[in-house]
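Q: Could you go through some of the terms used for this model, and set each against its definition?

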Amino acid sequence: MSDRWWQRPEGGGRFGLWLIVSIAHCGGRTLVRLILYPVTAYFFCRRGEERRAARVFLARLGHKNGTWAILALMHRFAATLIDRVFFLLRGERGFDIRVEGLDGLREVMAQERGVLLVGAHMGSFEVLRTLAVRHPSVPRLRIVLNKQQMAQQTRLMDALAPDVAEGIIDAARDPISVALAVAEAVRRHELVALLADRGHPGETLHRVPFAGRPAPFPVGPWLLAAKLDVPVVLCLGLYLGGNRYRVVFEPFADTVTLPRRERQAALDAVMTRYAARLEHYARQTPCNWFNFYDFWDDEAETGAGERGL
């Protein structure tokens, strides 16, 4: 798979990010959301690769992929980033958050084996942390996140909510250290969340059907799940616009089993099922898909999609 997504810089720069945070502090969410419209237009004009990738993604899902549709997708992305600030500052206050599948998650947690939450770059993972306030019975949430790739956002989190930042498991560390940290969290019956839709440079990938064509997904999360031998729950924090979020917990597997003799077939089956569930939710809410790069690694088609702009 192309590593271009890994090489793409974070948008806005440190000054721009902190400027918006300062406005959020002083003017509140209503004012800062008004500012997102010119900010979205700016990035639409400046970030051609992200714009082309969004066009291809929306077309693959059979969704409108004209200028307004791409602007809507980019605006949703910007809105979730800003909402991250408000989630860190004041939790779920001011938001309308609907949670689906919480009873099923509680049943899995009752086994006291730890739980692996598997998500994707769809919507907001930040909204999941609000569950700890609303539902004290939910154990501590640990998120596996690459701090180097999201350096500016990590610094923001460190400044606004150092207690939350301490719960991050840094995926930039060597794989063995990450696996040990995840295993230790699971041993303490904590919830560990990771994203399984993007591969990192040098990571083993496997192509499975996604929106009509094979797309490369990382193998690592599923090898880790098999080693941990814990229940796996699909989790997504989908943004519905305004102040509304939909948090979905969907039981995925009691355990991920990869028999030695049938390893590849079993891996293909579990990854295909994961990709199918992502596609299901992506078709429901296409403007929650925040992989702004050539997800199918098809440079020819990505380039062709831009000609209509």
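**Exposure, ring pairs and charges over rings**

Q: Why is leucine 34 called exposed?
A: Leucine 34 has a relative accessible area of 54%, and exposed means over 50%, with buried under 20% and partly exposed in between (1.4 Å probe, protein chains only), so leucine 34 counts as exposed. The model is predicted, so that local features need pLDDT of at least 70 and side-chain atom pairs count only at pLDDT 80 or more, whereas totals for chains, interfaces and linings use all residues. Residues are numbered from 1 along each chain as its sequence is written, and side-chain values use heavy atoms, without hydrogens and water.

Q: Why are tyrosine 42 and phenylalanine 43 called partly exposed?
A: Tyrosine 42 has 43% relative accessibility and phenylalanine 43 has 22%, and because both values fall between the limits of 20% and 50%, each residue is partly exposed.

Q: What makes the pair of phenylalanine 217 and tyrosine 274 edge-to-face?
A: Rings of Phe, Tyr and Trp (its six-membered ring) pair if their centres lie within 6.5 Å, and planes under 30 degrees apart count as stacked, over 60 as edge-to-face and the rest as tilted. The centres of phenylalanine 217 and tyrosine 274 are 6.0 Å apart and their planes stand at 85°, so the pair is edge-to-face.

Q: How do you know that arginine 60 lies over the face of tryptophan 296?
A: A charge sits over a ring if NZ of Lys or CZ of Arg is within 6 Å of the ring centre and within 35 degrees of the ring normal; arginine 60 lies over the face of tryptophan 296 at 4.3 Å from the ring centre.
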